[in-house]
Amino acid sequence: MTSPAPAPAGVDPAVFDPELPWQRARSVALRPEPFGALVYHFGTRKLSFLKSKTLVRVVETLADHPTATAALVACEVPESQRPTYVKALADLARSQMIERRKAAA
């Protein structure tokens, strides 16, 4: 994984923009469960639940795609459901479970 991109001056790095590159935070572990996954942040000691296997797949593959939107498309999230997934990803960004990364050169 790469280092997160420094946020431009005046930009909150936790503000989620699906057209930017994202990745699971380096200090976060996913544990698969029948309902989806447990997500644990070793830095903040926060535990979250992903209640969708598709959302787990999106989070696991964020770093493989140029944008979060591209990850949603690659994981075959129906367009009608994408706003719900974007909201979930925004919540994960706010809780530092995912982070921005530098775009591939």
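1. Start with the outward side of helix α3. The face turned away from its buried side carries exposed residues: Pro83, Thr84, Lys87 and Arg94. Here exposed means over 50% relative accessible area, buried means under 20%, and partly exposed lies in between (1.4 Å probe, protein chains only). Helices (H or I, at least four residues) and strands (E, at least two) are DSSP runs, numbered from the N terminus.

2. A word on the source. This is a predicted model, in which local features need pLDDT of at least 70 and side-chain atom pairs count only at pLDDT 80 or more, while totals for chains, interfaces and linings use all residues. Residues are numbered from 1 along each chain as its sequence is written, and side-chain values use heavy atoms, with hydrogens and water left out.

3. Now the other side of α3. Tyr85, Leu89, Ala90, Leu92 and Ala93 are buried there. Seen down the axis, the buried residues of α3 fall within an arc of 160 degrees, so they line one face of the helix. That arc is taken from the directions from the helix axis to the C-beta atoms. The cover over these buried residues includes β1 (22–24), β4, α1 (53–61), α2 (68–74) and β5 (98–100).

4. Check the length of α3. The helix has 13 residues (82–94) and should span 18 Å at 1.5 Å a residue. The expected span is 1.5 Å times one less than the number of residues. The end C-alpha atoms of α3 are 18 Å apart, which agrees.

5. Step back to the whole protein chain. It has three helices and five strands. Along the sequence they follow the pattern β-β-β-β-α-α-α-β. Of the 105 residues, 39% count as buried. Among contacts with a separation of 6 or more, 55% come from residues 24 or more positions apart. Contact means heavy atoms within 4.5 Å.

6. The accessible surface of the protein chain comes to about 6,200 Å², and 57% of it belongs to carbon and sulfur atoms. Areas come from the Shrake-Rupley method with a 1.4 Å probe; for residues, only the protein chains shown count as cover. Phe35, Leu47 and Phe49 make a nonpolar patch of about 290 Å². Phe49 sits in strand β4 (residues 46–50). Phe49 is partly exposed, at 47% relative accessible area.

7. Which residues other than glycine have a positive phi? Arg45 is one, with phi near 60 degrees. Gln96 is another, at about 65 degrees. Most residues other than glycine have a negative phi. Arg45 lies in the loop between β3 (36–41) and β4, and is exposed at 67% relative accessible area. Gln96 follows α3, in the loop between α3 and β5. Gln96 counts as partly exposed at 43%.

8. Is Thr61 buried or exposed? Thr61 counts as buried, at 17% relative accessibility. It belongs to helix α1. Leaving out residues up to four places away in sequence, Thr61 touches Ala71 and Cys75.

9. End with Pro66, in the loop between α1 and α2. Pro66 is exposed, with a relative accessible area of 59%. Pro66 still has contacts: it touches Leu20, Pro21 and Arg101, not counting residues up to four places away in sequence. Pro66 and Trp22 are 44 residues apart along the chain, with their C-alpha atoms separated by 8.1 Å.

Key:
Patch = residues over 30% accessible without salt bridge, like charges linked within 9 Å, V, L, I, M, F, W, Y side chains within 5 Å. Salt bridge = Lys/Arg side-chain N within 4 Å of Asp/Glu carboxyl O.
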